[in-house]
Amino acid sequence: SASGKQPSLEDPTDDSPTKSSDEATKSMDSSEQLMGEETRTDVIDEKVEMDDDDDAPRCCIPFRFIVIFVGLICLVALQANITVINLAFVCMSEDTSGLYNNNGTLINRFVYTPKEKGFIISAVAVGTFIGAIVFNWLHAKFGARWPFFSAGLVSAVSTVAIPIMAEQSIHMLVIVRFVQGFAFAADFAAVGVICVRWAPLKETATFIGILMSFGAIAFTLTNPVVGAFCTSRWGWRAAFYAFGAVTTLLFMLFLVVYRDDPRKHKAVSRRELAVIEKDKTAEHIHRDGFVPYKEICTDRTVLVVWLNSMIEINTAVLLLTYAPIYFSKVLGFSITETSYYASLGAIFHAAIKMSVGFLSDSMGCFSERAKLIFFNTIAAGVAAFTCAGIGFAPTRETGVFMLTLTASIMAANAGGFFKCGALVSRQYAHFVLATMQMMKCAAHIIGPAMVTILTSSDGDDKGWRNVFILNCVLLLIANFLFYPFATDKPAEFTKITKESRRKEIEEEKRQKEERNAVEMA
C-alpha cells in the first residue's frame, strides 16, 4: 500500500491472518482514502493496489503520451509564429506594394538592412527574457494549464498583427515582435512542468527529447508553408494570418486535454499513475509552489548546464534562423530551393532529438553519467568541427550538407545537458529548464550581434566564415566544462521543501534568541 504498513491484498507470500470479506473491503477503502488524501511518503511503492476496474486503461494508449503530443504541437505553434518572418524577409523584399517615394527616391518599406533585421529578431529575445521571469513564476505558482494557454492566445494575436504593423513602420513591427517574444517565453517553463508532473523518471529523456524537438519541427514546417504562401496569390501576409488562426485552435485543444495533476485527471488509470510516480520522492510528487532559487542558482552542475544551454542553443538557433538568408544570399539558391534546403536541418534535428531521448532511456548497459557525456560530446564537441566546416565548404551543395549535419547532430543535447539538468533538479526541473529559456533569449541577441559585427552584408561569405569559427570555439569550451560536473544524481537542493525551509528559519530564530539570552545573562 502507499503507506507501507498494510499488507498487499494480492501478495501470496503475506502471512497475516485471513480477513473476512467485509474487513477486506474496509481495508481497501481505507487504502484508497489514504491515497486520496495524498499521504506523504519517502518513495512511492512500486506496487499500487487496484481492482480490475481501476487496472483497466481509460484510453487505447497511455494518456501521458496524448498529453505530450498535445503539448508538443502547441510548442511547435509558439516557435513557428516567431519563425515565419525568417523566410518572409526574402518574400517581403520582393513585394512592390511596399514601395514609396522619399524625395524622389523609391524605397521599399519591407526591405531591411542587416542592422534592422537584427533589431527585429532581437526584439523577440528581449520580450522572451522579460516573459521568462513572469512565466517562470506563473508556472511555479499555478502550473502550466492556464499560463501556457494565455501565452498561446497572445502569440496568436501578435502573429496576426505583424503584417499590419510592418506596413506602419519598423518601430511598430519591433514592438509586436517583442509581444511575440513575451508569449514565447512560456515554452521552456511548460516543458519543465509537463516533464515534472507527467514523465516517469525512466522516461525523462524521452519526454525531453520529444517536447524539446518543437523548435526543429517548427522550422521544418514553417519554411515550406511560408514559401508556398509567398509564391501563391495570397502572398506572405496570409502566412501570418494562417499561423495565428491555427495557434488559437491548438491551444483550445490544450485547454481541454491538459491538467496539471495526473491524479486528478479522469483519463489516467491507477496503473498509469503508478508508472508516472514510480521511484519519485514525496517532495517530487507533492508540489507546493516553493523553489529554493538561491541554492539552485549556486549549484555548480546547474551552472554548467546553463552555460552549455546558452552556447549550444545559440549555435542551433543561429544556424536554423539564418539558414534561409545564408542559402539565398551566400550560396545563391532560389526561394523555392532555399525553403526546401533550410528545412533539412530542422527535419533531421527533430528526428534525432526524439530518437536520442528514447535511446538514452533504453541504454541500460551504460551508466547515466557515461550517457550524458557521450551525447553532449556529439551535440557540442563533434558539432563544433562541423560548424567550422560550413564556412570552408568548396561547393554550394557541400555548404548545405555541412550546415544540415551540424544542426542535426546538435539534437543529441536531449541526452546531454537537457537530461542532466532535469535529473539533477528533479521537482525543480521547471525552473532549471525555464531559465534555459533566458539562455535562448541570449541566443536571439548574441546570434544577430555576431552576424551584425562579423558580416558587412547578407552575402559576405568571409564574414559568415568567421561567425562559424567563433561558434566552433564556444562549443568546444562548453563541452569540456561539462565533463567534470555531469551527473544524474539529485542535487542537495531537491531535499529542500517549503516545510523544511520553514523549520530551518524557525530553528535559526530559536538559536538567535538563545544566543541573545546568553549574552544578556
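Author: A salt bridge here is a side-chain nitrogen of Lys or Arg within 4 Å of a carboxyl oxygen of Asp or Glu. The model is predicted, and Asp361, Glu368, Lys371 and Lys419 are linked in it by a network of such bridges.

Reader: What makes the contact of Lys371 and Glu368 a salt bridge?

Author: The N to O distance between the two side chains is 3.1 Å. The limit is 4 Å, and therefore the pair of Lys371 and Glu368 qualifies. Both residues sit in helix α16 (residues 368–390), three residues apart, which means a separation of about one helical turn.

Reader: Is Lys371 buried or exposed, and how do you know?

Author: Lys371 has a relative accessible area of 4%. Buried means under 20%, so Lys371 is buried.

Reader: How many salt bridges does the structure hold?

Author: The structure holds 16 salt bridges. One of them joins Arg263 to Glu277, with the closest N and O atoms 2.6 Å apart.

Reader: Why is that pair said to link distant parts of the chain?

Author: Arg263 is in the loop between α10 (235–257) and α11 (270–277), while Glu277 is in helix α11, and the two are 14 residues apart. Arg263 is partly exposed at 22% relative accessible area, whereas Glu277 is buried at 9%.

Reader: What about Arg510 and Glu507?

Author: The closest N and O atoms of Arg510 and Glu507 are 2.4 Å apart, and the cut-off is 4 Å, so this pair is a salt bridge. Arg510 and Glu507 are three residues apart in helix α21 (residues 498–520), about one helical turn. Arg510 has a relative accessible area of 36% and Glu507 one of 31%. Both values fall between 20% and 50%, so both residues are partly exposed.

Reader: Why is α11 called largely enclosed by the rest of the structure?

Author: Six of the eight residues of α11 are buried, and the description follows from that. The buried residues are Arg270, Glu272, Leu273, Ala274, Ile276 and Glu277. After α11 comes Asp279, which has a positive phi near 70 degrees.

Reader: What is stated about the phi of Arg426?

Author: Arg426 is not a glycine, yet its phi is positive, about 45 degrees. Arg426 lies in the loop between α18 (417–425) and α19. Its relative accessibility is 19%; the limit for buried is under 20%, so Arg426 counts as buried.

Reader: Where is Leu72, and how do you know whether it is buried or exposed?

Author: Leu72 is in helix α3. Its relative accessibility is 7%, and buried means under 20%, so Leu72 is buried. The C-alpha atoms of Leu72 and Leu211 are 5.3 Å apart, although 139 residues separate the two along the chain.

Reader: Which residues form the nonpolar patch on the surface?

Author: The patch consists of Val126, Phe129, Ile130, Ile133, Val134, Ile445 and Ile446, with about 540 Å² of accessible area together. Two or more of its residues come from each of α4 and α19. The largest share, five residues, is from α4.

Reader: What lines the largest cavity?

Author: Its lining has 25 residues, and Gln79, Gly215, Phe219, Val317 and Lys440 lie nearest the centre. By class there are 13 nonpolar, eight polar and four charged residues. Among the helices that each supply at least two lining residues are α3 (63–93), α9 (214–230) and α15 (335–362). The largest share, six residues, comes from α14.

Technical notes: Residues are numbered from 1 along each chain as its sequence is written. This is a predicted model: local features need pLDDT of at least 70, side-chain atom pairs count only at pLDDT 80 or more; totals for chains, interfaces and linings use all residues. Side-chain values use heavy atoms; hydrogens and water are left out. On a 1 Å grid over the protein atoms alone, a cavity is a set of points where a 1.4 Å probe fits but cannot get out, and a pocket is an open set with protein on both sides within 12 Å along at least five of seven lines; lining residues have an atom within 4 Å of a point. Helices (H or I, at least four residues) and strands (E, at least two) are DSSP runs, numbered from the N terminus. Ala, Val, Leu, Ile, Met, Phe, Trp, Tyr, Cys and Pro count as nonpolar, Asp, Glu, Lys and Arg as charged, and the others, Gly among them, as polar. Buried means under 20% relative accessible area, exposed over 50%, partly exposed in between (1.4 Å probe, protein chains only). Patches are made of residues with over 30% relative accessible area and no salt bridge: like charges are joined within 9 Å, nonpolar side chains (Val, Leu, Ile, Met, Phe, Trp, Tyr) within 5 Å. Accessible areas come from the Shrake-Rupley method with a 1.4 Å probe; for residues, only the protein chains shown count as cover.
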